[in-house]
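Visitor: I am new to this one. Please show it to me, and then let me ask about the terms.

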Amino acid sequence: MISGVFEKKAMVAMSGGVDSSVAAYLVKEKGFDTIGVTMKLFDNDTACIPRDNMCCSLDDVEDARSVANRLGIKYYVFNFEDDFENEVIKRFVDSYEKGLTPNPCIDCNRYIKFKRLFKRAIELEQDYVVTGHYASVKYDNASGRFLLTKSLDKKKDQSYVLYSMTQEQLAHAMFPLGEMTKEETREIAESQGFINAKKRDSQDICFVPDRDYSAFIRNYTGRDYPDGDFVDTGGNVLGRHKGLINYTIGQRKGLGLALPEPLYVKEKDIEGNKVVLARNDELFAKRVRVEGINWIAIPSAESDIKVTAKIRYSQNAAEARLIPLSDNTAEIEFTEPQRAPTPGQAAVFYDNDVVVGGGTIV
């Protein structure tokens, strides 16, 4: 990145939503030489049904352009379709085919926003990449490291999906909304007359219409995924499933079975093409193994650490002990058992509001 005595340059990733629009406004107000960019990630006509609660539609591009024009900043659209397909969509499909449950938003941050876009920012001699995430970056003088911390608005905190960021990326990233609430963000958007001030937040994975993951995977691959047996933990056959890609750990609804008691998906047997069902109390575990760890607050863990940890985005962090097994592998031992740890999802560990690191549940 470029730095010097001149005005600092900031590239803002603008999705067309209210959060990134206000982020652009805030960095411009701080005096940064600001440009707005929207990443074209896939063909909307074939991968996405335009709706007001999904990102990445052509309307979103026009909303971002409208805000950029209102702010008086330059605006560009970058075509990253090939990168997005290879690094996000294919990983998503491959994970489901292996019986995992991926989080493509984490991959998008890792491989697109803070790899591909980060590289483009360097090429354009920008000092910072700015996004509308609810999180904060702080420099810790004691450790000499950049820290990723939770946002002020704990209901909107997105530090979980940013755990893969490196020290270099954190040094050149800005999250202007980290010290704000969502309500304050909308108030600023309305006060500035932004076209998207009241626009609803995206709820779905951008390239999967209506959250129908299995339909997307079938259409994308052109493959059929064979039926197989539902079994209980004793191996007793309970019925037939409609293909392993239709199910995720902890699922109860949509099984299509008439059972004497509620049963949930406990695991998926890829080799046997079986879905194992169990009672709710059989889904809980105290130990979770994590691989591919990215450390943020520390270079690595050499001994056990007391942390709080999240094994999915929507849950609160729970008390745990982090037990390192190697530089990038560890076990999380929770004080209280956690429901349905899901292979393929991220586990992120915290020291109060500071992200210590995170990895993938195996």
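**Terms and values**

Guide: Asparagine 273 lies in the loop between β10 (264-269) and β11 (274-278). Helices (H or I, at least four residues) and strands (E, at least two) are DSSP runs, numbered from the N terminus. The model is predicted: local features need pLDDT of at least 70, side-chain atom pairs count only at pLDDT 80 or more, and totals for chains, interfaces and linings use all residues. Residues are numbered from 1 along each chain as its sequence is written, and side-chain values use heavy atoms, with hydrogens and water left out.

Visitor: Why does asparagine 273 count as buried?

Guide: Buried means under 20% relative accessible area, exposed over 50%, partly exposed in between (1.4 Å probe, protein chains only). Asparagine 273 has 18% relative accessibility, so it counts as buried. Its phi is near 55 degrees, a positive value in a residue other than glycine.

Visitor: What is the background to that remark about phi?

Guide: Most residues other than glycine have a negative phi. Alanine 340 also has a positive one, about 55 degrees, although it is not a glycine. Alanine 340 sits in the loop between β15 (329-339) and β16 (346-351). With a relative accessible area of 1%, alanine 340 is buried.

Visitor: What makes α1 mostly covered?

Guide: Of its 12 residues, 10 are buried. Among them are Val18, Tyr25 and Leu26. The buried residues of α1 pack against several elements, including β1 (9-13), β2 (33-40) and α3 (58-71). Just after α1, glycine 31 takes a positive phi of about 100 degrees.

Visitor: Why is α4 called roughly antiparallel to α5?

Guide: Axes are lines fitted to C-alpha atoms, for helices over the stretch in contact, and angles run from 0 to 180 degrees between N-to-C directions. Angles under 35 degrees count as roughly parallel, over 145 as roughly antiparallel, 65 to 115 as roughly perpendicular and the rest as oblique. Helix α4 (residues 81-97) and helix α5 (residues 104-123) pack at about 160 degrees, with their axes 9 Å apart. That makes α4 roughly antiparallel to α5.

Visitor: Which residues of α4 and α5 make the contact?

Guide: Contact means heavy atoms within 4.5 Å. Phe84, Val88 and Arg91 of α4 are among the residues that make it, as are Tyr111, Ile112 and Lys115 of α5.
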